[in-house]
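My notes follow in the order I made them.

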Amino acid sequence: MARYVYRFGAGEADGNVTQKSLLGGKGANLAEMTALGIPVPPGFTITTEVCALSAQEDTNLRELLGQQVDSALERVGELTDSGFGDRNNPLLLSVRSGAPVSMPGMMDTILNLGLNDETVAGLVERTGDARFAYDCYRRFVAMYGEVVMGVEGESESDETPFARILAEKKTELGVLEDSKLSADDLKSLVTAYKIEILKQTAQPFPEDPMAQLWGAVKAVFGSWQNKRAVFYRRMHNIDGSVGTAVNVQAMVFGNMGDDCATGVAFTRNPATGAPGFFGEFLPNAQGEDVVAGIRTPLEVTELGNMMPEVYAELLTVAERLERHFGDMQDLEFTIQSGRLWLLQTRTGKRTGAAMIKVAVDMVTEGHIDERAAIARMDPNKLDEILHPTIDPANKPPLVAKGLPASPGAAIGRIVFSATTAEQWAGRGEQVILLRIDTSPEDIHGMQAAVGVLTARGGMTSHAAVVARGMGKPCVTACKSLEIDYGKRELVVDGRKFVEGDLLTLDGSTGEIFAGRAGLMPAAISDDFETMMTWVDEVRRLKVRTNADTAVDARTAIAFGAEGIGLCRTEHMFFAPERILAVREMILADSLESRVEALSKILPMQREDFKDIFRVMAGLPVTIRLLDPPLHEFLPHADKEVAEVAAATGRSVDDVRRAIADLSEVNPMLGHRGCRLAVSWPEVYETQARAIAEAAVAVVAEGIDVRLEIMIPFVSVPEELRALRPLVCEQVDAVVAAAGIELDYLVGTMIELPRACLIAGEIAENADFFSFGTNDLTQTTYGLSRDDSGRFLPEYLAKGFMSQDPFACLDTAGVGALIRVGVEQGRAVKTKLKVGICGEHGGEPSSVEFCHREGFDYVSCSPFRVPIARVAAAQAALRGEARSK
């Protein structure tokens with residue numbers, strides 16, 4: 001019979017940390033901690049293999065697992081000296097999810113399982129504390145009702161009926177804290193909760209503990225496919241087929257009295273990476289209270305004052321776990337009657353800044369080497385530390401202050417629900433999600449928002465942990481906030497804000513400001529520079545930038561760019577003082593008038609190129625000649641048309657006729673790129689002369705210019721065969737007249753499937769290939785990037801595509817064409833330089849593809865240069881591992 005249940009507890013475990021794909025991260029780590037002798041409540045893990053089976057209609061979990069679960073339950077009972085369903089000495093259980101990849105809060109948990117009207121009496125007798133017993137019971141009934149029986153929230157605020165009933169009871173009794181409710185009060189809540197379940201589901205709450213267990217196991221497996229879990233997997237590119245395990249454990253209680261507590265801690269600061277134990281706890285509480293943020297917890301260091309011996313043990317365990325696992329750990333712990341229990345350890349989620357610092361510190365401390373540090377980087381998280389922060393000299397009025405849960409600056413309009421955040425962000429608004437406290441159901445709104453602000457919670461609450469994982473600024477526990485979901489308004493010390501008002505969050509200080517704060521460039525830390533030095537020693541692939549101005553080029557150089565892989569000359573045309581000359585050129589009705597318009601454009605472009613060459617001294621600069629369709633430059637407003645008419649001496653009607661003559665049904669596949677130069681060779685001649693004049697002027701200043709000119713949108717070899725000499729003639733004439741030497745390359749942008757398939761012929765007249773994967777993806781799929789947003793999300797949601805092909809390179813389709821292009825090109829010219837200049841050039845999985853296919857460089861936007869550098873280094877390390 002197949003084995004689906006693995007036991008752990010009392011120093012013995014069936015599994016270990018290497019079995020995360022089978023036992024999930026939580027189950028594998030529980031087994032590992034057990035083997036290490038760390039105090040873990042006994043229990044068992046039902047494997048991830050059962051997750052897919054449980055979703056099948058014909059699967060009966062009790063028949064499939066019954067014998068193995070019964071045996072494991074009996075062992076847990078023996079180890080805890082209790083019995084499941086025993087009226088006198090009941091064994092109570094927690095049922096938790098645990099996927100191979102950490103997904104904090106996205107799936108379901110049930111605590112105190114096994115309680116009913118009989119076993120709760122036994123718990124009262126066993127503990128001598130009726131209040132504690134009924135507090136556990138009412139929590140369990142509420143959790144079971146929501147997770148297993150499907151009791152739903154009543155409003156956009158997502159308040160459950162159980163939360164409403166609890167609030168009404170406290171109002172009735174005139175108390176603010178749950179802890180002020182008596183045993184009889186809590187007993188009445190259990191009854192009210194059961195009535196609500198029956199009303200909503202037409203099913204009674206199950207009193208049979210075994211029925212409770214099988215219902216909980218099936219529901220937790222089912223939560224793998226809940227909306228928030230699916231959304232989280234899509235957001236983090238987690239394979240939906242891996243499934244989750246289910247962990248069943250004996251309960252330990254942090255809510256039995258003053259010598260009990262529960263908490264969450266990190267072995268280092270997850271926001272900054274600073275060394276030192278970091279976390280929070282709540283005395284006399286259960287674990288969900290900390291994570292949910294319902295009560296504001298205490299700093300974990302306070303535990304040292306309250307329970308010094310337990311705190312010392314916790315520090316020892318934490319240090320041991322970090323050393324064993326070789327990374328910062330995120331711990332969940334409970335203290336029952338003065339005894340410490342570990343409920344979980346996992347690699348801690350952290351900000352980009354913390355990721356860098358922890359890795360560098362662990363190398364310095366001798367725990368890992370440089371290559372291990374590089375391998376554990378999440379390249380995309382570098383994005384968090386490269387963007388501007390709040391300028392201390394330009395802060396608006398301070399409104400309130402909370403806990404700095406996740407660093408960074410966020411400026412946006414406040415919204416009061418996750419759904420509104422998603423809707424407003426969808427229409428281009430920058431929004432801040434404002435909640436009393438967040439729950440896993442808010443995940444889609446947190447992703448859509450630029451920042452998160454909560455009135456309750458702490459540094460380890462749901463909002464804080466998830467925001468840090470997303471790299472979103474977050475402020476929690478801002479107690480002065482009075483939030484009214486119904487009115488959609490916020491009141492702070494008498495000052496009212498309504499939905500849509502602008503706030504600024506500083507997640508690094510916890511400050512909230514009214515209005516828009518000034519920003520300043522991010523400061524790059526010494527640890528960042530150290531990490532990048534290690535990265536550059538490992539990677540083979542060069543990293544260039546896409547830059548159209550000297551300002552962008554300078555930014556990219558600061559981030560480590562090794563050249564410009566794409567300078568788009570058309571982006572220089574849109575300034576108000578230039579666009580008129582460009583429109584004159586496009587709408588010219590004769591060669592003479594077009595040349596006259598081009599003569600106005602030439603000096604503008606020459607000065608731009610000179611500035612770029614100066615910034616990129618000694619580094620390659622690839623300049624793409626005019627590429628986009630002409631409709632992007634044409635005037636449409638009456639005022640613009642009149643300006644062109646006046647400048648060209650033509651009537652407005654004549655100009656409008658000329659505009660109509662240039663219209664195309666599908667301009668992106670029309671008269672653009674090299675096709676323009678075939679019709680109007682003087683356009684590329686002028687650009688080539690401007691480039692050459694800029695180059696010789698900068699060379700005369702003693703600056704090394706490494707010029708590469710790129711002819712775009714080639715689909716037939718004859719285009720490049722005709723246009724290369726045209727470009728070279730202009731450059732050579734300028735260089736000869738200046739009496740200097742200038743080596744330069746002329747290549748092409750491969751952005752059409754046909755160009756990939758005949759790349760060998762194209763290579764005969766090209767010194768380099770640069771793959772323009774934005775257009776290549778569009779033309780391979782037959783998709784318009786601008787229009788696909790209407791239906792592509794549905795394809796992703798239904799699993800037709802695993803990733804957006806405009807975000808991550810489609811290696812199976814587009815990648816196959818690129819592979820053909822590289823192979824054919826290098827068959828003709830073995831040393832043909834090959835690069836990529838689409839948006840994919842800064843996306844880690846696409847960078848790895850380029851490394852595997854032997855590219856010379858990738859090119860991306862300035863702020864993604866460090867991301868590409870790390871991704872290139874990781875690709876090199878994986879390549880080394882494969883070759884061994």
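I began with the second largest pocket and asked which element gives the largest share of its lining. It is α29, with five residues. Elements giving two or more residues to this lining are β26 (564–568) and α29 (773–781). Helices (H or I, at least four residues) and strands (E, at least two) are DSSP runs, numbered from the N terminus. The pocket holds about 740 Å³ and is lined by 34 residues, of which M668, R672, D775, Q778 and R785 lie nearest its centre. I sorted the lining by class and found eleven nonpolar, twelve polar and eleven charged residues. Here Ala, Val, Leu, Ile, Met, Phe, Trp, Tyr, Cys and Pro count as nonpolar, Asp, Glu, Lys and Arg as charged, and the others, Gly among them, as polar.

I noted the source. This is a predicted model, where local features need pLDDT of at least 70 and side-chain atom pairs count only at pLDDT 80 or more, while totals for chains, interfaces and linings use all residues. Residues are numbered from 1 along each chain as its sequence is written, and side-chain values use heavy atoms, with hydrogens and water left out.

Next I looked up cavities and found three of 30 Å³ or more. On a 1 Å grid over the protein atoms alone, a cavity is a set of points where a 1.4 Å probe fits but cannot get out; a pocket is an open set with protein on both sides within 12 Å along at least five of seven lines; lining residues have an atom within 4 Å of a point. Points are joined across faces, edges and corners, and a volume is the space filled by probe spheres set on them. The largest cavity holds about 40 Å³. Its lining has six nonpolar, three polar and no charged residues, with at least two each from α21 (591–615) and α25 (681–700).

Just after α17, G471 takes a positive phi of about 80°.

Last, I compared α5 (residues 130–147) with α7 (residues 183–201): they pack at about 15°, with axes 8 Å apart. Axes are lines fitted to C-alpha atoms over the stretch in contact, and angles run from 0 to 180 degrees between N-to-C directions. The two helices are therefore roughly parallel (under 35 degrees).

Conventions:
Parallel < 35°, antiparallel > 145°, perpendicular 65-115°, else oblique.
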